[in-house]
Amino acid sequence: MNRGEMKRREFIQKSAAGAAVTLGGPMIISAAASERSAKPAALGGTAVRSQGFPSWPQIQDNDRESMKDVLEKKGWCRLNGDYVNTFEQEYAKLTGAKECLAVANGTSALLTSLNALGVGPGDEVIVPPYTFVATINVVLLQHALPIYVDTDRETFQIDAQKIEARITDKTKCIIPVHLGGNVADLDTILAIGKKHNIPVVEDACQAHLAEWKGEKVGTLGATGCFSFQVTKNLSGGEGGAVLCDDEELMDRCYSFHSNGRERTNKYGYGYIHNGMNARMTEFQGALLLQQMTRLEEQSKTREQNADYLTKQFNEIPGITPEKMYEGTTRNAYHLYMFRYDKEKFAGLPRSKFIEALNKEGISCGSGYSPLNKQKFMEETLYSRVFLNVYGKERIDRYFAENECPENDKLCNEEAVWFYQNMMLAEREAMDQIAEAIRKIQAHAGQIAKA
Ligand SMILES: Cc1ncc(COP(=O)(O)O)c(C=O)c1O
């Protein structure tokens, strides 16, 4: 018996007992209300949740005061203020990294890392196809070739077991992404990097405070890159950071992010490298310092709610929550990801399942589509510059070599996401999410026909 039915039956039993006293009238009305709540909203029933989920980003007085302070001090750029410097020190302390460089956004954190490592035309970079497009864009911006390694559908992460087969003498970097705040199989990936002398750049843009064997992700590769874009678990509207323990590499990162200046010569007109301006503003630095005071507590809430939800989902056939590798000691749950099997839902297509869940007041989405097949890839690889560097024959072979069938299945049929703000809701909301899914499952055949 599903939970909806159980509740309804219990309710009818209780009402029936009361009916002896109330002479039947109220029982009939209550039973009708119960009928509505047991019926999915997609079929005209009552939604399980009407109040939405906690909004994001969250603002408190300390955020407002910090913004006013930067505004009035007029040191809006990091070159004449101190908030960004302080944020760098605090974020390094929080993560256990030797050094942190704050940058304008996560994309520039990745771009800075690739430049500092000297990745360029003719090079190959191992990437997952299941990520935000910025992970791939930075490789293409360096005129290097992204080499896609298929996804492990169980964890939604790059399948580390398939990386080594894609390494060639041209491979100059591996970029694992800790997707959704879950953690890629770092032991395997770091060992491959070490064996072949290839640096690993961790894309931890979605993984603030996530951990591998007790250490914060982003501190284990040559660099670790973070995003503080507004949807992220730690937000400054936009923003990013590079973590790095190698002083020389950090010197190069600093130089790149500030127009090629030497780290020791922040203001002058002398330049030692090619670079760009990817500096974080003081507004971002000040806001992040305040937002960071709430990160640990929020992360704990997300983690506890996610664990609770996973236990409930494990009891629902056809709903398979993301798994974690053994080394994952903390998942940041930027996303709560699960796989949907329509066969256990009377063939109800994923798009209709998502629609039905949204109607229950539970926001969710289907997530990414396969990056290796999107138009930008073909347009970029057949551009004049890429054809000059790699030749038409190499590019003609590229797309067949970079097929990722597991990822296609995940993207096109299975993946469903909840967003991090939902994991900040009260515990009852998790019960409602599971209840909504059970309700849909019990009526899946009817919803499919509706
Ligand atoms: C996995 C991943 N990589 C890179 C980025 C790029 O970060 P940003 O949007 O701050 O440039 C993001 C975030 O949007 C991301 O989710």
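Me: What makes α5 largely enclosed by the rest of the structure?

Reply: In this predicted model, 11 of the 11 residues of α5 are buried, so the helix is largely enclosed by the rest of the structure. A residue is buried if 20 or more other C-beta atoms lie within 10 Å of its own, exposed if 12 or fewer, and partly exposed in between, with C-beta atoms placed from the backbone. Among the buried residues of α5 are Gly106, Thr107, Leu110 and Ala116. Just after α5, Gly118 takes a positive phi of about 75°.

Me: How are the residues numbered, and which confidence limits apply to the model?

Reply: Residues are numbered from 1 along each chain as its sequence is written. Because the model is predicted, local features need pLDDT of at least 70 and side-chain atom pairs count only at pLDDT 80 or more, while totals for chains, interfaces and linings use all residues.

Me: Why is β11 also described as largely enclosed?

Reply: For strand β11 (residues 240-244), 5 of the 5 residues are buried, so the strand is largely enclosed by the rest of the structure. Gly240, Val242 and Cys244 point one way from β11, Ala241 and Leu243 point the other way, and all are buried. Helices (H or I, at least four residues) and strands (E, at least two) are DSSP runs, numbered from the N terminus.

Me: Which strands pair with β11, and how do you know that they pair?

Reply: Two strands pair if DSSP finds at least two bridges between them. Strand β1 (residues 99-103) pairs with β11 in the antiparallel sense over 5 bridges, and strand β10 (residues 223-227) pairs with β11, again in the antiparallel sense, over 4 bridges. Ala241 in β11 stands opposite Ala102 and is also the bridge partner of Phe226.

Me: What makes a group of residues a nonpolar core, and which residues have the most contacts inside the largest one?

Reply: A nonpolar core is a set of buried Ala, Val, Leu, Ile, Met, Phe, Trp, Tyr and Cys residues joined through C-beta atoms within 7 Å. The largest such core here has 114 residues, and those with the most contacts inside it are Leu101, Val103, Val125, Ala241, Val242 and Tyr336. Its largest share, 7 residues, comes from helix α16 (residues 427-442).

Me: Which residues is Tyr336 in contact with, leaving aside its neighbours within four places in sequence?

Reply: Two residues are in contact if their C-beta atoms, placed from the backbone, lie within 7 Å. With those neighbours left aside, Tyr336 is in contact with Ala306, Leu309, Trp417, Phe418 and Met423.

Me: Why is the chain called as compact as a globular protein of its length?

Reply: The chain comes to 17 helices and 15 strands. Its radius of gyration, taken over C-alpha atoms, is set against the globule rule, which is 2.2 Å times the number of residues to the power 0.38. The value is 25 Å, close to the 22 Å that the rule gives for 450 residues, so the chain is as compact as a globular protein of that length.

Me: Why is Lys213 called exposed, whereas Asn259 is called partly exposed?

Reply: Lys213 has 12 other C-beta atoms within 10 Å and therefore counts as exposed, whereas Asn259 has 15 and therefore counts as partly exposed. Lys213 lies in the loop between β8 (211-212) and β9 (215-216), and Asn259 is in the loop between α8 (247-257) and α9 (282-291). Although neither is a glycine, Lys213 has a positive phi of about 50° and Asn259 a positive phi of about 60°.
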